Structures are given as C-alpha cells and as structure tokens.
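Student: Could we go through this structure together, so that I learn how to read strands and packed helices?

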Amino acid sequence: MFNSVNNGLPFVLKQEQIRYSTMKFSYLIFLLINPVLLFHIYSNAQAQENIWSKEELVAANTAGNEKYLSAEEKDMVIYMNLARMDGEKFFNTYFQDYLEQHNKQMQQYSNYNELKISRTDKYYKSLETDIKKVKGLPALWPDEAMSWVAAQHAKDMNKNNYATHNSLDGRTVKDRIGKMYPRKACGENLAFGYSSGLANICMLLFDRGVPDLGHRKLILSDDYKFNYIGVSIKPHRGYKYCSVTDFVALPR
C-alpha cells in the first residue's frame with residue numbers, strides 16, 4: 001500500500017516525480033559529429049516533457065488532508081486529477097507504468113493473452129486518442145458525505161455479492177446521491193478486482209468491454225460540471241475488491 005509522506009503527497013507520486021526528473025542534457029558540443037548521442041539527447045528531451053512538477057502534484061492532491069480516506073482512496077483522487085490536468089502526460093507516465101506492472105502480474109495466468117493490456121487493443125488506442133485532448137480540466141474535490149454514500153454501496157455489494165449500480169432494494173445512483181444532495185447532476189463509476197488507487201483509475205480509463213466508454217467519460221469530461229466526488233475501496237466477496245466513485249455538481 002502506498003503511504004503518505006510529510007508534504008502530503010502519496011509516496012508513489014513523490015518517487016515518480018524524482019524518477020521523471022533525473023534525465024539531464026549533456027555533451028551538446030558533440031551533436032554534429034555523434035548521431036548516436038544526438039538520439040540519446042532527443043530521447044532525454046522527450047522525457048523532460050513528461051516530468052510532473054511539485055506544483056502540479058500538490059494541485060492534484062486535493063484529498064491529501066482528508067482523514068476519512070485511506071491512502072489508496074486518496075490516490076484515486078490525485079490520479080483522476082492528474083489525468084484531467086494533463087491527459088497526454090498522464091498517459092505517457094502513470095498509465096504506461098501501470099500497463100507494465102499489470103502485464104507482469106498477469107503472466108502467472110493461463111489466459112494471459114486475454115488479461116494483458118495490449119498497445120494494439122482498440123480500447124488502448126481510443127484512450128490514447130481521447131486522453132491526449134484533455135488539458136486543464138478543473139480539479140475534483142473530495143466530499144465526506146459523498147464518500148459515505150460510496151462506502152455504503154460498496155459494503156452492500158460485498159455483503160450481498162453483487163456488482164451493479166442499482167442497489168438490491170431498487171435504489172439508483174440518483175436515489176442514493178440525491179438523499180444527500182437533492183436535484184443535483186450526479187454519476188458513478190464502479191470497478192472490481194483492484195485494491196490500489198492507480199489500478200482502479202487506469203482500468204476505468206481503459207474501459208475495455210464498455211462500448212460507450214462511460215467510466216472514461218466521467219473522469220475526463222467536464223460536460224456535467226462535476227466538481228465533488230466520493231471514493232471508496234472495499235473488499236468484495238466475488239471480485240476480492242470493489243471501488244465506488246460518486247460524482248456530483250455542487251456550488252463552490
């Protein structure tokens with residue numbers, strides 16, 4: 001599990017900031033006579049474009065001080081905000097890191113080819129196209145009441161072993177969120193099988209098998225002016241873990 005550090009940034013993000021900031025330009029005097037070195041420096045220049053600054057990480061860390069959220073739930077918030085802040089940079093850094101990590105983990109299974117994330121997959125290609133258009137969307141802010149609503153649904157899905165937006169008693173997403181915030185635009189993302197914040201957000205963005213890409217659109221779109229979210233990661237009897245992200249548009 002990723003831990004918080006003193007400056008409020010999740011440990012994983014601090015480490016990534018360091019890693020993406022290590023490459024330096026050097027030996028420019030040899031550019032005209034050394035094409036191999038030229039390629040090396042060009043690669044470093046591309047890497048520099050994918051650095052996350054401390055200011056960007058702090059701006060995305062809107063849930064850093066919320067004691068009612070776990071470290072992984074806080075990570076869900078910051079990763080969503082980073083994707084909204086600069087989609088192309090997120091795709092080139094954290095999503096690629098997750099892809100490599102995920103594929104290594106899936107190698108233990110006999111159906112690896114079905115489970116892996118392939119760069120030739122149509123959902124991968126569509127995400128690459130969609131997310132590169134995203135730049136400078138407003139940050140999402142955590143809301144304790146919304147997180148309680150999300151947690152209650154997650155607990156109910158675990159207790160009764162189901163995996164749907166509608167509760168077994170017939171309540172819809174609008175019913176559950178509307179009890180806290182009546183007559184407000186709202187939405188919900190569900191993900192199953194992942195315990196980490198990064199895994200949940202990356203798989204929701206990937207959205208494989210979801211023709212309308214609804215999960216991706218909720219994270220990357222500002223159409224409904226969602227600005228507050230509730231997040232919860234809980235155990236699930238059937239899928240081991242489930243995450244619930246509830247969105248709402250509220251006056252600030």
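**Strands and helices**

Tutor: Strand β3 is joined to strand β4 by a hairpin through three residues. Strands (E, at least two residues) and helices (H or I, at least four) are DSSP runs numbered from the N terminus. This is a predicted model, in which local features need pLDDT of at least 70 and side-chain atom pairs count only at pLDDT 80 or more, while totals for chains, interfaces and linings use all residues. Residues are numbered from 1 along each chain as its sequence is written, and side-chain values use heavy atoms, leaving out hydrogens and water.

Student: Which way do β3 and β4 run, and how many bridges join them?

Tutor: Strands pair if DSSP finds at least two bridges between them. Nine bridges join β3 to β4 (residues 240-248), and the two run antiparallel; serine 232, for instance, has valine 244 of β4 as its bridge partner. Strand β1 (residues 141-142) runs parallel to β3, with two bridges, and proline 142 is partnered by isoleucine 229 of β3.

Student: How many residues of β3 are buried?

Tutor: Buried means under 20% relative accessible area (1.4 Å probe, protein chains only). Seven of the nine residues of β3 (residues 228-236) are buried, so this strand is largely enclosed by the rest of the structure.

Student: How are two packed helices described?

Tutor: One gives the angle between their axes and the distance between the axes. Here α5 (residues 87-106) and α10 (residues 197-206) pack at about 115°, with axes 10 Å apart, the axes being lines fitted to C-alpha atoms over the stretch in contact and the angles running from 0 to 180 degrees between N-to-C directions. That makes α5 roughly perpendicular to α10 (65 to 115 degrees).

Note on methods: Angles under 35 degrees count as roughly parallel, over 145 as roughly antiparallel, 65 to 115 as roughly perpendicular and the rest as oblique. Buried means under 20% relative accessible area, exposed over 50%, partly exposed in between (1.4 Å probe, protein chains only).
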